[in-house]
Amino acid sequence: SPHVCRLARRYALDVSMFERMVNNDMPCRRLNTQHRMRPQIRRLMNHIYDDLHDHESVTKYGDVPGVKHNMFFVDHRETESENEDLRSHLNNHEAGFVTALCRYLIQQGISGSKITILTTYTGQLLVLKERMRTFVGGSFAGVR
């Protein structure tokens, strides 16, 4: 809710523990082996984490059923909207695309618990949740 967002900003609750440690010059370490992302996604981070490596387990992930590539980008010309209460961006076109893609992946036999949708904007997260809640003809159980 807008009230929670304002409180989070007021008391810096939107700052992670790691960021607090760095900001206060506390000793901290960053791991250099990742165990979750496909190598194609990790490579996008090379300019930030130049010493990040893949654990052997992520190199053995199978291909995603029903799509040509395991990672792709969507280019479109649809404009973003602003959620004034949250001071956050959203894009209904992207939310519709992601919802349809998620449903398609579930139809290909992928369990919802194996699907994670990442978004940087709270406004977009709320639109995605609402679209999935009201999507006709499908359950998004387990999708994160």
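Biologist: In which loop does histidine 55 lie?

Modeller: First, a word on conventions. This is a predicted model, in which local features need pLDDT of at least 70, side-chain atom pairs count only at pLDDT 80 or more, and totals for chains, interfaces and linings use all residues. Residues are numbered from 1 along each chain as its sequence is written, and side-chain values use heavy atoms, with hydrogens and water left out. Histidine 55 is in the loop between strand 2 and strand 3, where helices (H or I, at least four residues) and strands (E, at least two) are DSSP runs numbered from the N terminus.

Biologist: Is histidine 55 buried, partly exposed or exposed?

Modeller: Its relative accessibility is 31%, so histidine 55 counts as partly exposed; buried means under 20% relative accessible area, exposed over 50% and partly exposed in between, with a 1.4 Å probe and protein chains only. Histidine 55 and proline 39 are 16 residues apart in sequence, and their C-alpha atoms are 9.3 Å apart.

Biologist: What is the distance in space between glycine 66 and asparagine 46?

Modeller: From C-alpha to C-alpha, glycine 66 and asparagine 46 are 28 Å apart, with a sequence separation of 20 residues. Glycine 66 belongs to the loop between strand 2 (53-54) and strand 3 (81-83), and its relative accessible area of 44% makes it partly exposed.

Biologist: How far apart along the chain are histidine 3 and aspartate 85?

Modeller: They are 82 residues apart along the chain, while their C-alpha atoms are separated by 8.8 Å. Histidine 3 is part of helix 1 (residues 2-10) and is exposed, at 54% relative accessible area.

Biologist: What is the pattern of elements along the sequence?

Modeller: The protein chain reads α-α-β-α-β-β-β-α-α, with five helices and four strands. The C-alpha trace spans about 50 × 45 × 30 Å along its principal axes, and 19% of the 144 residues are buried.

Biologist: At what angle do the axes of helix 4 and helix 5 cross?

Modeller: Axes are lines fitted to C-alpha atoms, for helices over the stretch in contact, and angles run from 0 to 180 degrees between N-to-C directions. The axes of helix 4 and helix 5 cross at roughly 45° and come within 9 Å. The two helices are therefore oblique to each other, since angles under 35 degrees count as roughly parallel, over 145 as roughly antiparallel, 65 to 115 as roughly perpendicular and the rest as oblique.

Biologist: What is the volume of the largest pocket?

Modeller: Rolling a probe the size of a water molecule over the atoms shows where empty space is left. On a 1 Å grid over the protein atoms alone, a pocket is an open set of points where a 1.4 Å probe fits, with protein on both sides within 12 Å along at least five of seven lines; lining residues have an atom within 4 Å of a point. The largest pocket has a volume of about 1900 Å³, a volume being the space filled by probe spheres set on the points. Its lining consists of 41 residues, of which Ile41, Asn70, Thr116, Ile117 and Leu118 lie nearest the centre. Helix 4 (92-107) and helix 5 (122-134) are the elements that give two or more residues to this lining; helix 4 provides the largest share, seven residues.

Biologist: Which residues line the second largest pocket?

Modeller: The second largest pocket, of about 210 Å³, is lined by Arg30, Leu31, Thr33, Gln34, His35, Arg36, Met37, Met45, Tyr49 and Leu52.

Biologist: Where is aspartate 25 placed?

Modeller: Aspartate 25 is in the loop between helix 2 (17-23) and strand 1 (33-34). Although not a glycine, aspartate 25 has a positive phi of about 55°. Its relative accessibility is 71%, so aspartate 25 counts as exposed.
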